[in-house]
Amino acid sequence: MSGDLRDGRIVIVGASLAGLRAAETLREKGFAGSLTLVGEDPRPPYDRPPLSKQVLLGRVPAEDTGLPLRRPVDAQWKLGVRATGLDPIEKRVLLANGEQLPFDRLLITTGTRARPWPNPAEAALDGVFTLRTSEDAGRIAERLDAGPRRVLVIGAGFTGSEIASACRERGLDVTVAERGPAPLVGALGGSFGALAAKLQRAHGVDLRCGVTVTALTGNGRLTGAELSDGSRIEADIAVVALGAIRNTEWLAESGLAAGPRGLACDAGCRAFNMYGIVTDDVFVAGDVARFPHPLFEYQLLSLEHWGNAVEQAEVAAHNMVSPGPLRRPHLAVPAFWSSQFGLNIKSVGVPTFSDQVVLAQGSPKEARLVAVYGYRGRVTAAVSVNQAKSLEYYQRLIETAAPFPPEPVGTDRPEPMTPVPSDVPDPAVLSHGPTVALTGHLPDRRLTLVRR
Amino acid sequence: MAADTLFHRITDYANRADPYPLYAELRESGVTRQQDGSYLVGAYHEIAALLHDPRISSDRRNRTAADAAATCEEDLPVSFIAMDDPEHNRLRRLAMRPFGPPHTPGRIDAMHGEIARIADELIAGLRGKDRIDVVDDFAYPLPVTVICRLLGVPREDEPRFHAWTQEIIASFDPTPGEDLAERQRSGLESRRTMGRYLGELAEKRRGHPSDDMLSAFVNDEGPDGRLTQPEIMATSVLLLIAGHETTVNLITNGVLTLLRHPEELERLRRRPELMPRAVEELLRYEPPVQMLPQRSPLADIEVLGTTVPKGAPLILVLASGNRDPLRFRDPDRFDPTREDNRHLGFGSGVHSCFGAPLARLEVQLALTTLIRHLDNPRLVEDPPPYRRSPVLRGPRHLPIERDTTGT
Amino acid sequence: MNIVVDLNRCQGYAQCAFLAPQVFEMHGEEALMYLPVPPEDQLERVRRAAAACPVQAILVGEEAGADVR
């Protein structure tokens, strides 16, 4: 390893999961220079998955979600302060408090924030929430403790569905409004969504699909909502779960390839500039990154996944302190989980990168199954419900580009196995943004030539 | 030596004390057909993959050459370890209901004090003895007492079920040879007797619930219903045998390993909080279940370039995978602080050991108690005499000496 | 001491839920819920649970940034 790379100044903008794991990895790989972590959230890094589960259920206080360290990071923390700009020539990060942080290498892990309710006046009603930070979760949990008459969840992606699940487990009435045809369709497609819809209804969720919320009503306090089908519901809490917005605005003037779909980078996590030229001192990891993946035809993926934040941060950090030939690509097979309505849903691969899906193991009736997704005759994803121990086998099929439909195997499967369309919708028809975005063929914006 | 004799040598009693060089040979030779038609796998990554592979069956009826152990009768079905999903899953879930989460999450944790007390009592019984047989004096009676309490089997019946157990275990021993069929016949007979015995014990509790698993099997009904009487018999035979015949080996292998590594024994005596990880390392280094002999593929499969035909006996040598240098650094070193120790000691996948948490707790407490009370312990013979089985491998006796001043 | 479980790795073996039932809880057959900040008196059990995890998915460590709060 080159001595230079182990020294100098590294700044990490974004002090959540990816930023923390990157910082630890930098130290583990022998980085001995100065390390600064900048985070907008005043809290040190905490774990978000429990926010929509344990915290909303009232089992864990929102502030008790801090992440454990793998090793000491010996870093300067600048928390509660937002980065407002990046000067790539002078190599400085500009902060909202006027401070400027010079760096030799920069890692961008600014992640995402919750997409707010589009009408600011309605969003300001007491009882209208989004869920992204621990503060959000704490406030929602407090309101749920108070026993609202009905909770309205807007958007039936994973977050919305988990919120609905927590409400039902607390015995609260809940209405879920989703513009798409079923819950989870944005991530898992329509065939799986049909299952999710049955599941929600079986657990007493008042699920309304194919509708939008046209207005949140109330006078200072939320009292209800109007839906596009003309119906009205009364609710004293609404949780807006419309997906996430990538925190890239601060990079608008930076010359980097940053836009609403994230900051594009190469397989080694090095950011591209707006001309598609790779930088060598700016790296990116986590939800904010768009990166090419060979298993998915080198399309640029942006993944809002816990596991991707960890793995990509590790690769980025490794590459920040390694000379060219020793750098590694970020090739991990995407994976995520969700627990809702007593079930464990796990996914490997990219289910939205599919045209067909087949039930390969188990049965929906038993709520134990593996669904395998394929695209143009090869396996691209698998999703299990309470069948996690089987997923490794299907992950190997994805990694080896095995033919789809997969060979019928095992003793616990439907006969015959019949692939059906996976019905992955155009993201535009959903309430919630997709947690996996295939962004390669959808350029964010036109190039404009900037002369300096 | 030709690979086709490797299985003979692994199962040969003469190699029981140290099969590990043979496992190294097995890993070198890849996956090969043995003389008796079975295929042995000894490489970590391949074993781990096969344990998660839906194409692999645990049901011996799927073997091309059926054997007596595959016999499935209406009055005594095979236990769930010899079944495939979805039936395996249903039975395992029903058996789990009174044992652990999600229905009975606190049961094993609540046994902590009782296990520690049993261990202390056994140690107290050895007061003044400067020579101990770790197996007969400690490692055997401890788990027997525990499993009897848990299931609701009278402890004084041990001589009866011990004899049946020995026959049943001998019938699982895949050592090729002329007496295999005979062993399988008498094993089946003992299973039937033991099943009837346990079925009657369970039946007595119907309507008279007590705090044990047999009682729960007949009295509690969950969303999936309950076990039938033949299923109760098959399941409780499995739990009673597995509950006392594997833990004894793990405790004994543990004591033997620690006496061979006195510096580690000393470290654990000083820092008992290291014991949980030390037990995981024991499970890697000297696992009580050395191999899973009853798998077979449901279709022709390829493992390390070899085609294993549908229905062929497929033997997964867990203890070999645990020593695979492609997975574990310095695999032949006993390192109680080993990081990322994803050993195969309890198997993996849907059939991973049902009783693992109980075994872990028992062995952690047993070893902690034992080393606290042993003053200057020494092996009398090394290697000690081993039990016959190459599958459930462990010493038959482990005589040790200690100083008795002050105890 | 804080905990985080890599639930991508987790396959629902439930060893943690047996060994530290006040900290780790199975939600249904396979989903795991846990207290990221376990009570002091549960730490020994948490260590047992972390050691026993067959997929080594449980990280126990000092809370990140505890010194900057």
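**Chain B and its neighbours**

A: A compact globule of 407 residues would have a radius of gyration near 22 Å, and chain B agrees with this at 21 Å. The radius is taken over C-alpha atoms, and the globule rule is 2.2 Å times the number of residues to the power 0.38. The model is predicted, so local features need pLDDT of at least 70 and side-chain atom pairs count only at pLDDT 80 or more, while totals for chains, interfaces and linings use all residues. Residues are numbered from 1 along each chain as its sequence is written, and chains are lettered from A and ligands numbered from 1 in the order in which they are written.

The C-alpha trace of chain B spans about 65 × 60 × 40 Å along its principal axes. Its secondary structure comes to 17 helices and 10 strands (DSSP runs numbered from the N terminus: helices are H or I of at least four residues, strands E of at least two). Of the 407 residues in chain B, 52% are buried (20 or more other C-beta atoms, placed from the backbone, lie within 10 Å of the residue's own; 12 or fewer make it exposed, and numbers in between partly exposed). Among contacts in chain B with a separation of 6 or more, 74% join residues 24 or more positions apart; a contact requires C-beta atoms, placed from the backbone, within 7 Å.

In chain A, the domain assignment, which is automatic or from a database, gives domain 1 (4–55 + 64–113 + 245–326), domain 2 (115–243) and domain 3 (335–429). The C-alpha centres of domain 1 and domain 3 of chain A lie 32 Å apart. Their contact takes 7 residues from domain 1 and 6 residues from domain 3.

Also in chain A, the axes of helix α1 (residues 17–28) and helix α6 (residues 306–320) come within 8 Å and cross at roughly 35°. Axes are lines fitted to C-alpha atoms over the stretch in contact, with angles from 0 to 180 degrees between N-to-C directions. Residues of α1(A) in this contact include L17(A) and R21(A), and those of α6(A) include W306(A) and M320(A). By class, the contact has 11 nonpolar, 3 polar and 2 charged residues (Ala, Val, Leu, Ile, Met, Phe, Trp, Tyr, Cys and Pro are nonpolar, Asp, Glu, Lys and Arg charged, and the others, Gly among them, polar).

Key:
Two residues are in contact if their C-beta atoms, placed from the backbone, lie within 7 Å.
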